[in-house]
Amino acid sequence: SPVLDDSFAEAVFQITDGIPFKSVGPAVQTITDSETEYGSLKSEVKLSISVFDALIPRMSSLMTSTASTKPVGGEGSMDLELTMQTTEVKESSISSLPGLAFVDTLAFPTEEVFERIKAGEGTATVTARNKLLDGGRLRLTRAPDGNLFIFVRE
């Protein structure tokens, strides 16, 4: 079963990737205290879903994931160990519909669920290999699966 093999995180992301009629906005990440054992990363992505624009208005939300960070790799390394904590729905247009105000309070306990399904501590943890360029204006991040992400400081 793809949900229980080593690519469990990839299977979770495939759920979002498999939503038809959706658009995904740019990712905005905020990293704080990354040089300490108590750092954090907040990643926000705008997700919009459009089925029948003429009948049903476009729905959107800000999907927000948080992770704790810990520096790894020794002196001068920008690499971070990330432990996923939660994924939340925020600023959802669905929450403005009658009876659905609770949607903006939904939080998925990522770390807890990953550890229960994978039956072990650390299953929600990955290492992100980082390199800063252009005086820290650009951050290149290599994910464990080999994907490369480029972030621009605003």
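Predicted model: local features only at pLDDT ≥ 70, side-chain atom pairs only at ≥ 80, totals over all residues.
Me: OK, the loops next. Where does Asp 134 sit?
Reply: Asp 134 is in the loop between strand S6 (125-133) and strand S7 (138-142). Its phi is positive, about 55 degrees, although Asp 134 is not a glycine.

Me: Is Asp 134 buried or exposed?
Reply: Asp 134 is classed as exposed because its relative accessible area is 52%.

Me: Which loop holds Asp 33?
Reply: Asp 33 is found in the loop between strand S1 (22-32) and strand S2 (39-49), and its phi, near 50 degrees, is again a positive value in a residue other than glycine. Asp 33 has 45% relative accessibility, so this residue counts as partly exposed.

Me: Back to S6 and S7, how do they pair?
Reply: S6 and S7 pair in the antiparallel sense over five bridges; two strands pair if DSSP finds at least two bridges between them. They form a hairpin with four residues between the strands, and Lys 131 stands opposite Leu 140 in S7.

Me: What does S7 do with S8?
Reply: S7 and strand S8 (residues 148-152) also pair in the antiparallel sense over five bridges, and here the partner of Leu 140 is Ile 150. This hairpin has five residues between its strands, and Gly 146 in the turn has a positive phi of about 95 degrees.

Me: How far is Ile 150 from Lys 131?
Reply: The C-alpha atoms of Ile 150 and Lys 131 are separated by 9.8 Å, and the two residues are 19 residues apart along the chain. Not counting residues up to four places away in sequence, Ile 150 touches Leu 138, Arg 139 and Leu 140, contact being heavy atoms within 4.5 Å. At 57% relative accessibility, Ile 150 counts as exposed.

Me: What does Arg 139 lie over?
Reply: Arg 139 lies over the face of Phe 151, at 4.2 Å from the ring centre; a charge sits over a ring if NZ of Lys or CZ of Arg is within 6 Å of the ring centre and within 35 degrees of the ring normal.

Me: And Thr 141, which residue makes a polar contact with its side chain?
Reply: The side chain of Asn 130 does, at 2.6 Å (a polar contact is a pair of N or O atoms within 3.5 Å; within protein, one must be able to donate a hydrogen and the other to accept it, and residues adjacent in sequence count only if both atoms are side-chain atoms). Asn 130 lies in strand S6 and, at 11% relative accessibility, counts as buried. A polar atom of the Asn 130 side chain also lies 3.0 Å from the backbone oxygen of Met 78.

Me: New topic: where is Thr 83, and what does its side chain reach?
Reply: Thr 83 is found in strand S4 (residues 80-90), and its side chain makes a polar contact with the side chain of Thr 125 at 2.9 Å. Thr 83 counts as buried because its relative accessibility is 11%.

Me: Last one, which residues make up the largest nonpolar core?
Reply: Five residues make up that core, namely Leu 41, Ala 67, Leu 80, Leu 82 and Ala 128. A nonpolar core is a set of buried Ala, Val, Leu, Ile, Met, Phe, Trp, Tyr and Cys residues joined through side-chain atoms within 4.5 Å. Leaving aside neighbours within four places in sequence, Leu 41 is in contact with residues including Ala 67 and Leu 82.

Definitions and conventions
Residues numbered from 1 in each chain as written. Heavy atoms only, no water. Helix = DSSP H or I, 4+ residues; strand = E, 2+ residues; numbered from the N terminus. Buried < 20%, exposed > 50% of the residue type's maximum accessible area, 1.4 Å probe, protein only.
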